[in-house]
Amino acid sequence: MPVIDLARASTRELNARLHALTPDGGETEWVVANPQGRHALAVGLDQPVTVEIKGHAGYYCAGMNAEATVIVDGNVGVGVAENMMSGIVLVKGDASQSAGATAHGGLLVIEGDASARCGISMKGVDIVVKGSIGPMSAFMAQSGNLVVLGDAGDALGDSIYEARIYVRGSVKSLGADCIEKEMRDEHRADLVRLLAAADLGDVAHADEFRRYGSARQLYTFHVDNAAAY
């Protein structure tokens, strides 16, 4: 198992070695030591490898991920898993703002709390937060699922499109065009799948959650809704 020590190597060297991997073979498990909060760690990966970062990471960790599994044994800065396409990103601590921003696919699991704008403009990703999330989360979320075991801050789902939000705790307030919606059998089944994927099948039950989504009143301009845009 290769170990890259960022006390001696640069971020550029780390990412270059990971980008050089091919489907034909090579090491599939990597360890990053002494990350020291550096930015842009393990970005743009496109092979089914596992990268474990032994400490805190800075901005945009695991951005643009495809196929890889990235594990962070600490906290992450702004934009973790930004624009992720597939694969898994697991954060064992807290996440700063805009976790999973614009992500198209894959699974992002945050074991702690996530700050403001978690899941902003998400486009198909599944995000599971074991703690709470900050204000303006799922802002303009287009598709995918945001699951929160804790509480949600102000303006949840503001200007949301067709993403689904599941919250077990309290919601401080809902954003424009976001409403509580019926939890049907299809939603319970999907939520069970997401909880199992995040190793929470024995911790939380689907019936403990409420579902939120779009009221579909802001898709096209209407003068009566002008104040809500």
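Asp126, Arg164, Arg184, Glu186, Asp190 and Arg193 are linked in a network of salt bridges. A salt bridge here is a side-chain nitrogen of Lys or Arg within 4 Å of a carboxyl oxygen of Asp or Glu. This is a predicted model, in which local features need pLDDT of at least 70 and side-chain atom pairs count only at pLDDT 80 or more, while totals for chains, interfaces and linings use all residues. Residues are numbered from 1 along each chain as its sequence is written, and side-chain values use heavy atoms, with hydrogens and water left out.

The whole structure holds 14 salt bridges. One of them joins Asp73 to Lys92, at 3.5 Å from N to O. Asp73 sits in the loop between β4 (69-72) and β5 (88-91) and Lys92 in the loop between β5 and β6, so this pair ties together parts 19 residues apart in sequence.

Another salt bridge links Arg216 and Glu162, whose closest N and O atoms are 2.8 Å apart. Arg216 belongs to the segment after β11 and Glu162 to the loop between β8 and β9, 54 residues apart. Arg216 is partly exposed, at 46% relative accessibility, and Glu162 is partly exposed as well, at 36%. On this scale, buried means under 20% relative accessible area, exposed means over 50%, and partly exposed lies in between, with a 1.4 Å probe and protein chains only.

Asp158 lies in the loop between β8 and β9.

Let us turn to the sheet. It is open, with 11 strands in the order β1-β2-β3-β4-β5-β6-β7-β8-β9-β11-β10 and mixed pairing. β1 (3-5) and β10 (178-181) stand at the edges with a single partner strand each, so one side of each has no neighbour in the sheet. Two strands pair if DSSP finds at least two bridges between them. β8 and β9 run parallel, joined by 4 bridges, whereas β9 (residues 164-167) and β11 (residues 210-214) run antiparallel, joined by 3 bridges. Ile165 in β9 stands opposite Leu146, and the bridge partner of Ile165 in β11 is Tyr212.

Tyr212 is also among the residues touched by Ala163, as are Ala141 and Gly213, where residues up to four places away in sequence are not counted. Contact means heavy atoms within 4.5 Å. Ala163 is in the loop between β8 and β9 and is buried, with a relative accessible area of 4%.

Finally, how many disulfides are there? The count is 0, a disulfide being a pair of cysteine sulfur atoms within 2.5 Å. The sulfur of Cys118 is 14 Å from the closest cysteine sulfur, that of Cys178, which is too far for a bond. Cys118 is buried, with a relative accessible area of 1%, and Cys178 is buried too, at 5%.

Key
Helix = DSSP H or I, 4+ residues; strand = E, 2+ residues; numbered from the N terminus.
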